[in-house]
Amino acid sequence: MTLPPFEPNAMPLSPGIRLLEASAGTGKTFALAHLVLRLVSEGARPLAIEQLLVVTFTDAAAAELRDRIARRLQQALAQLEAAGPTDTGDDPGDNPAAGPGDPADPAPPAELDQPLADWLAAQGPDASPLLRGRLLLALEQLDRADITTIHGFCRRTLQRQALEAGLGPAVALENGAAERRGQIVHDYWQQQVLPLPPEHLAGLLSRGIEPERLANVLQSLDGDPALELDPLPEGIALDAPLAEQLQARWLDHWRRFEQLWHRDAEELEHNLAASAGVAKENGNSYKPFRLKPKHDKLDAVNGWLAGLEDAPSYAELLERKELRDYFHPGPVQKLESAAHRDDARLPQAELLEAIADLVDGPAELVLLHFAHWGRAELARRREHSGEMGYGQLLEQLDPGEQADTPLLRAVAGRYRAALIDEFQDTDPIQWRILQGPSAASRPATCW
């Protein structure tokens, strides 16, 4: 579908939702500023600047946008001033004492761009006094306009509507979020990871499970409350030591793997060779697999298994390249895609799944367990301190499945239009907040 080109003065300002698609450097900020000019000046009931919500992505972008809006309003006002005296009696030309350089002289008009020229022409000769008043008022009240980030909007809203939100009169925003997240990662590492058997811990470290990675996970979760986590596997709880739970799960997976290996491994090797042959016929790569079944990798794993008295550690298992790099669903899936394209299916899927549970399972379990533990702990510590993080600002305003709440009604009563910059970065929570209970009755523009 091809979108019609954007016309700054032809875009309807009537209620509804409109999407504008623009690449970097194509004049998004200019277009936003011009639409604000139209919204605060056109029609029988133009918007007061405080009835307008403009949301962008960063504080720096919000500051730039506020400046560009101010300049656009000033440009329009300068053109109106240059159009000649008005009927207010305040024209400096009526004051014989006013010289050419006197401050009472009207400001010289700025260079006239085409959208502004077309806008001025559309207003008519009798509109100048009224438009001047509207633009002067908008400029005077611009500091009170909500031209901000999504988090800034949430914070201001919760401060204004604290009663409807069920909060105290002030929203205490957390200052040391990174430090608090660091403390949580440290505590988790000390309490949950270090008590693991050393051989399991060595395996986790070799798979990149370290404090820095946990810190990145928690930062992502904290910044985006819309991210949903997979539920913890059956038998894994947050209020029990991870070491005991991981070890029990490891033994269960090991026993299942042993049973399936002895049953299906040889047939798996034959099927891999057959798929390699088809991949070659298709002109695709089939490495590291072979065109004819060989027993060297099978024999290597079988010999290793025969020499074990107990289940190996995670680190010991990861040393088996045959399981890690050959009999693993990752490379097997690539082979099957090369051989069968859209009809690719994993041979001996139960065995391959059991191998993945051993090779990838412990690392994935620790990451998932930490994600649940860290998110819950972060919320608990913030509640204890009476502070709120940026992500919680969104959560407090999120109506969830409710289409209407007292808080959203208060927000909808304040704004008559919203312009959303970088709309592609708006997550589901942000959209539910911005949409509000009566979005269809208000104009909204999204970039």
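This tour moves through the structure stop by stop, saying what to select and what is found there.

**Before you start**

The model is predicted, and for that reason local features are reported only where pLDDT is at least 70 and side-chain atom pairs only at pLDDT 80 or more, while totals for chains, interfaces and linings use all residues. Residues are numbered from 1 along each chain as its sequence is written, and side-chain values use heavy atoms, with hydrogens and water left out.

**The whole chain**

Of the 447 residues in the chain, 44% are buried, where buried means under 20% relative accessible area, exposed means over 50%, and partly exposed lies in between (1.4 Å probe, protein chains only). If you switch to a surface view, the chain exposes about 23,400 Å², with carbon and sulfur atoms supplying 50% of it; these accessible areas come from the Shrake-Rupley method with a 1.4 Å probe, and for residues only the protein chains shown count as cover. Among the contacts (heavy atoms within 4.5 Å) with a separation of 6 or more, 80% are between residues 24 or more positions apart.

**The nonpolar cores**

Next, select Phe257, Trp261, Leu323 and Phe327, which touch the most other members within the largest nonpolar core, a set of 54 residues. A nonpolar core is a set of buried Ala, Val, Leu, Ile, Met, Phe, Trp, Tyr and Cys residues joined through side-chain atoms within 4.5 Å. Helix H10 gives the largest share of this core, 13 residues. Now centre the view on Leu323: leaving aside neighbours within four places in sequence, Leu323 is in contact with several residues, including Phe257, Trp261, Trp304 and Ile355. To see a second, separate core, which has 31 residues, select Val54, Leu80, Leu116 and Leu120, which are included in it.

**The aromatic rings**

The structure holds ten aromatic pairs, and rings of Phe, Tyr and Trp (its six-membered ring) count as a pair if their centres lie within 6.5 Å, with planes under 30 degrees apart called stacked, over 60 edge-to-face and the rest tilted. Select Trp261 and Phe327, whose ring centres are 5.3 Å apart and whose planes stand at 85°, so this pair is edge-to-face. Trp261 belongs to helix H10 (residues 242-281), whereas Phe327 is in the loop between helix H13 (321-326) and helix H14 (329-340), 66 residues apart. Both Trp261 and Phe327 are buried.

Move on to Phe289 and Tyr326, where the centres are 4.7 Å apart and the planes are at 45°, so this pair is tilted. Phe289 is found in the loop between H10 and helix H11 (296-306) and Tyr326 in helix H13, which puts them 37 residues apart. Phe289 and Tyr326 are both buried.

**The salt bridges**

The count of salt bridges comes to 24, each being a side-chain nitrogen of Lys or Arg within 4 Å of a carboxyl oxygen of Asp or Glu. Select Glu50 and Arg144, which meet at 3.1 Å, N to O. Glu50 lies in the loop between helix H1 (28-39) and strand S2 (52-56), and Arg144 in the loop between helix H4 (128-140) and strand S3 (146-149), so the bridge ties together parts that are 94 residues apart in sequence.

For another bridge, select Arg181 and Asp222, at 3.0 Å, N to O; Arg181 is in helix H7 (residues 177-193) and Asp222 in helix H9 (residues 211-223), and both residues are buried. Finally, select Asp187, Glu377, Arg380 and Arg381, which are linked in a network of salt bridges.

**Two backbone details**

Show the backbone at Lys287 and Pro288, which are joined by a cis peptide bond with omega of about 10°; Pro288 lies in the loop between H10 and H11. The last stop is Gln348, which has a positive phi of about 45° although it is not a glycine, and which lies in the loop between H14 and H15. Gln348 is buried, with a relative accessible area of 16%.

Methods. Helices (H or I, at least four residues) and strands (E, at least two) are DSSP runs, numbered from the N terminus.
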